[in-house]
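Dear colleague,

Please find below the structure that I am handing over to you. My findings on helix packing and aromatic pairs follow it.

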Amino acid sequence: MRLILAFLAVTFTLVGCDSSKKTDKKEASEVTNTETSTFTPSASDKELMDKIQKQTFEYFWDGAQPNSGLAAERIHLDDIYPSNDKHIVTTGGSGFGVMAILVGVERGYITKQQALTRYIKIVDFLKKADRFHGAWPHWMDDNTGKVKPFSKYDDGGDLVETAFLIQGLLTVAEYYKADSTEESKQLVADIQKLYEDVEWDWYTKGEDVLYWHWSPNNGWKMNFAVSGYNECLIMYILAAASPTHPISKEVYEKGWAKSGAIATDTTYYDLKTVLKHNSDTVGPLFWAHYSYLGLNPKGLKDQYGDYWELNKNHALINYKYCVDNPQGYKGYGENCWGLTASYSVNGYAGHHPGKSDLGVISPTAALSSMPYTPKESMQFLRFMYKEQDSLIGKYGPYDAFSIEEDWFVPRYLAIDQGPIPVMIENYRTGLFWKLFMKNGDVQNGLNKLGFTYEK
């Protein structure tokens, strides 16, 4: 699972990022431009955004698994693919994927009716698939809907992946609520039922914290309490918002926020982290993406922090670290940046500034940060399509590359491709933020937890 892999690598001393670190005039000017939102994309920039949105949308449209219509966990264009993985669908990546399909509708790649037909197929599959106290597993078999173990003990419910899926489904429901057709009405009702069947409160074990996993074979053996800042804010908000199995505000405050300890920030490159990133440092950039595909960070504040400032600073620290390039990796700079969990030179790694910087750039990091760092993200987008087009394939940029190691593989991961078209659309039109934040249950949950937010 993404957080565990990244979290194991997150306890380090951040190299070259102390609070006294000064940027040169050019770098400081760039940050000022981003923070004051002076960047305006050119016509050619918009064409590039159109192109990458279409390519990444295709991963979830043409590349979907045939029986369920859900997202394939991974797609390897080099044909090196484990035989027992060919029919795997991924729960969290599918949550991102159902949102990416709406990009296809809005940008004219498919019709709204085509998308509706696919959504009905997806929801019908999910209604029959394995669930564990309402939570789907991390992986499922596309042919049967049965759980496919993600690891030795991870063969049951995955509440975090379930939250990512529910975030996407509720957004789809809002998109079709205004339609008067019986098909649309049934889809909306079915999605609401799927949400209401998730037993969020049961996943507390009666404690003031949410637990990630439960399995009928292994119980709570994995014992992973989700506590402290990471990518899982959306899980706590959906759990508080549930009309049937809600958690209390105390679970959010004592579990997620660690009785206020989450508000301990740190300064790097003259930018505050706002919240403690589970380590005194900045985590991989997917933390700034997954919960915020639907949840609008603009104007989102609670007693612990300002979530727009949190994510903007997270992206800027990542950018400035790569420009500074304290480890001297070839290729790093203002046009080539972005560290997050992805494929790596040796397997899979949770890349982020410091000792876990392995010289590997993950395109989803900069591209999915477009709402926070439009100028810097656009610089990376131009670099990829105009200078490194050999790193672009059927479904957009490959998952990761290293100029230092002269390495890349023509492979994709759903959980990395999905945020790209969605967050670019949020930058361009705010579509998914507008839809998700309209949901009445979500608003009730945010109110319950003491958030202020933009509707």
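The axes of helix H4 (residues 91–106) and helix H5 (residues 112–128) come within 9 Å and cross at roughly 165° in this predicted model. As the angle is over 145 degrees, H4 is roughly antiparallel to H5. The crossing of H4 past H5 is right-handed. On the H4 side, Val-98, Ile-101, Leu-102 and Val-105 make the contact, and they meet Lys-112, Ala-115, Arg-118, Tyr-119 and Ile-122 of H5. Seven residues of this contact are nonpolar, two are charged and none is polar.

Tyr-236, Ile-237, Leu-238, Ala-240 and Ala-241 of H8 are in contact with Asp-441, Val-442, Gly-445, Leu-446, Lys-448 and Leu-449 of H16. This contact comprises eight nonpolar residues, one polar and two charged.

Turning to the aromatic residues, the structure holds 34 aromatic pairs. The ring centres of Trp-212 and Phe-224 are 5.3 Å apart and the planes stand at 90°, so this pair is edge-to-face. Trp-212 and Phe-224 are twelve residues apart, and both are buried. The rings of Tyr-252 and Tyr-304 form a tilted pair, with centres 6.2 Å apart and planes at 50°. Tyr-252 lies in helix H9 (residues 249–256) and Tyr-304 in the loop between strand E9 and helix H10, so the pair ties together parts 52 residues apart in sequence. Tyr-252 is buried at 0% relative accessible area, and Tyr-304 counts as buried at 11%. Ring pairs link Tyr-252 and Tyr-304 into a cluster that also includes Tyr-236 and Phe-451.

Yours sincerely

Notes:
Residues are numbered from 1 along each chain as its sequence is written. This is a predicted model: local features need pLDDT of at least 70, side-chain atom pairs count only at pLDDT 80 or more; totals for chains, interfaces and linings use all residues. Side-chain values use heavy atoms; hydrogens and water are left out. Contact means heavy atoms within 4.5 Å. Helices (H or I, at least four residues) and strands (E, at least two) are DSSP runs, numbered from the N terminus. Ala, Val, Leu, Ile, Met, Phe, Trp, Tyr, Cys and Pro count as nonpolar, Asp, Glu, Lys and Arg as charged, and the others, Gly among them, as polar. Axes are lines fitted to C-alpha atoms, for helices over the stretch in contact, and angles run from 0 to 180 degrees between N-to-C directions. Angles under 35 degrees count as roughly parallel, over 145 as roughly antiparallel, 65 to 115 as roughly perpendicular and the rest as oblique. A crossing is left-handed if the near helix is turned anticlockwise from the far one by less than a right angle, and right-handed if clockwise. Rings of Phe, Tyr and Trp (its six-membered ring) pair if their centres lie within 6.5 Å; planes under 30 degrees apart count as stacked, over 60 as edge-to-face and the rest as tilted. Buried means under 20% relative accessible area, exposed over 50%, partly exposed in between (1.4 Å probe, protein chains only).
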